[in-house]
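Me: Please take a close look at a single part of this model: the ligand site. Walk me through what surrounds the ligand.

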Amino acid sequence: MIQIQNLSKIYKTKNGEVNGVDNVTLSIEKGEIYGIVGYSGAGKSSLLRCINLLERPTSGHLTVDGKDLTLLRGEDLRLARLKIGMIFQHFYLISQKTVYENIAFALKAAKVPSKEMSIRVENLLEMVGLADKRDVYPSQLSGGQKQRVAIARALANNPKVLLCDEATSALDPTTTKSILNLLKKINQELNITIVLITHEMNVVKEICNRMAIMQDGRVIEEGAVYNIFARPKTDLAKEFIASVVNFDVPDTIAKSCTGPIVKVTFRGKVAGEGVISDTLQQFQVKGNFLHGSIEYIQELPLGIFVMELKGEEDEIKRALSYIKERDAQVEVLQDAI
Ligand SMILES: Nc1ncnc2c1ncn2[C@@H]1O[C@H](COP(=O)(O)OP(=O)(O)OP(=O)(O)O)[C@@H](O)[C@H]1O
Ligand SMILES: [Mg+2]
């Protein structure tokens with residue numbers, strides 16, 4: 001649905017050039033919810049704004065639904081952009097207009113006849129769960145409700161793609177969850193491809209199929225969210241994951257351990273199979289659990305356990321190779337003392 005090829009965006013400022021996006025190549029499939037994470041200044045918004053040409057890329061190509069947007073100008077570009085909706089952290093509703101008028105405004109811009117328009121707006125309000133707020137002004141709405149209006153407005157022209165720039169960053173955790181559920185519903189029921197940028201890994205874990213991690217304008221890691229959680233390659237990926245599932249062992253605890261401390265990660269079905277208890281039973285090894293959880297990512301279990309192993313060195317080695325044979329990943333966090 002979206003092909004980004006060697007895309008760069010260089011900003012010219014009075015202090016010189018700033019590389020907002022640096023040679024990014026990505027492919028986002030139709031019907032996906034694709035997450036882009038990175039710290040502030042990583043280039044997430046710059047990349048997202050290039051996708052609908054709010055920002056014109058300095059170089060590279062960008063194809064959305066088969067059209068190279070960088071080659072379009074004027075009316076052709078305007079029409080292509082109607083098929084890409086966008087929502088923002090701060091909603092950007094028009095405060096002097098009612099909820100109805102805010103949504104209708106997007107349809108007026110597309111010259112939709114007025115009879116059709118009112119049906120469409122009512123349907124959109126229904127879709128986002130705000131039918132009863134039709135005639136109120138944005139100032140009378142909560143943050144979550146404002147974002148729902150912004151979503152309805154973004155969907156007004158039946159877009160194929162919805163771009164979300166930190167759409168939940170101004171919301172509390174419960175409201176965030178309800179907006180993420182709404183995005184999931186839109187993705188599934190309307191088959192809209194969603195590209196979502198965020199600095200919260202939780203958001204990605206909740207609804208994205210695939211993801212990219214950006215740093216200094218570049219994509220430094222990319223792939224299925226599950227695989228990145230299971231086998232992160234870069235330190236930055238590990239850092240983001242630790243913000244959601246943290247398996248650090250406090251120093252005082254680590255110092256009191258004499259056996260090796262290992263982290264065992266099980267992927268997929270095997271996560272629930274009790275491999276660890278099995279292992280501890282079969283070998284002369286005791287496990288002192290320091291952390292443990294089964295995370296569900298896109299409904300697939302990922303089991304992560306951190307434990308100190310106690311026993312004869314050879315027996316521990318045999319136990320660890322047994323675990324590895326069961327398709328688990330074993331990482332020694334601290335050697336035996
Ligand atoms: N209009 C602009 N003019 C000059 N530099 C810009 C402009 N927009 C962004 N930049 C620079 O480009 C880089 C990437 O910025 P961008 O806003 O894309 O980051 P971001 O990942 O979205 O950050 P945040 O999480 O804070 O929103 C930064 O160094 C920023 O200062
Ligand atoms: Mg940004």
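**The site around ligand 1**

Reply: In this predicted model, the side chain of Y11 places an N or O atom 3.5 Å from a nitrogen atom of ligand 1. Two further contacts involve oxygen. A backbone N or O atom of G41 sits 2.8 Å from an oxygen atom of ligand 1. K44 brings a polar side-chain atom to 2.8 Å from an oxygen atom of the ligand. On its own, ligand 1 exposes 630 Å², and the protein buries 61% of that.

The most comes from α1, which gives three residues. In total, 13 residues surround ligand 1. S40, G41, K44, S45 and S46 are the closest. By class, the shell has seven polar, four nonpolar and two charged residues.

One other element deserves a look: helix α5. This helix covers residues 143-155. Its 13 residues should span 18 Å at 1.5 Å a residue, and the end C-alpha atoms are 18 Å apart, so the two values agree. Is α5 mostly covered or mostly open? Mostly covered: ten of its 13 residues are buried. Among them are G144, Q147, R148 and V149. The run from A150 through I151, A152, R153 and A154 to L155 is buried too. The cover over these buried residues includes the strands β6 (84-88) and β7 (161-165). Helices α3 (99-109), α4 (114-127) and α6 (173-190) are also part of that cover.

Methods:
Residues are numbered from 1 along each chain as its sequence is written. Chains are lettered from A and ligands numbered from 1 in the order in which they are written. This is a predicted model: local features need pLDDT of at least 70, side-chain atom pairs count only at pLDDT 80 or more; totals for chains, interfaces and linings use all residues. Side-chain values use heavy atoms; hydrogens and water are left out. A residue is near a molecule or strand if one of its heavy atoms lies within 4 Å of it. A polar contact is a pair of N or O atoms within 3.5 Å; within protein, one must be able to donate a hydrogen and the other to accept it, and residues adjacent in sequence count only if both atoms are side-chain atoms. Accessible areas come from the Shrake-Rupley method with a 1.4 Å probe; for residues, only the protein chains shown count as cover. Helices (H or I, at least four residues) and strands (E, at least two) are DSSP runs, numbered from the N terminus. Ala, Val, Leu, Ile, Met, Phe, Trp, Tyr, Cys and Pro count as nonpolar, Asp, Glu, Lys and Arg as charged, and the others, Gly among them, as polar. The expected span of a helix is 1.5 Å times one less than its number of residues. Buried means under 20% relative accessible area, exposed over 50%, partly exposed in between (1.4 Å probe, protein chains only). Contact means heavy atoms within 4.5 Å.
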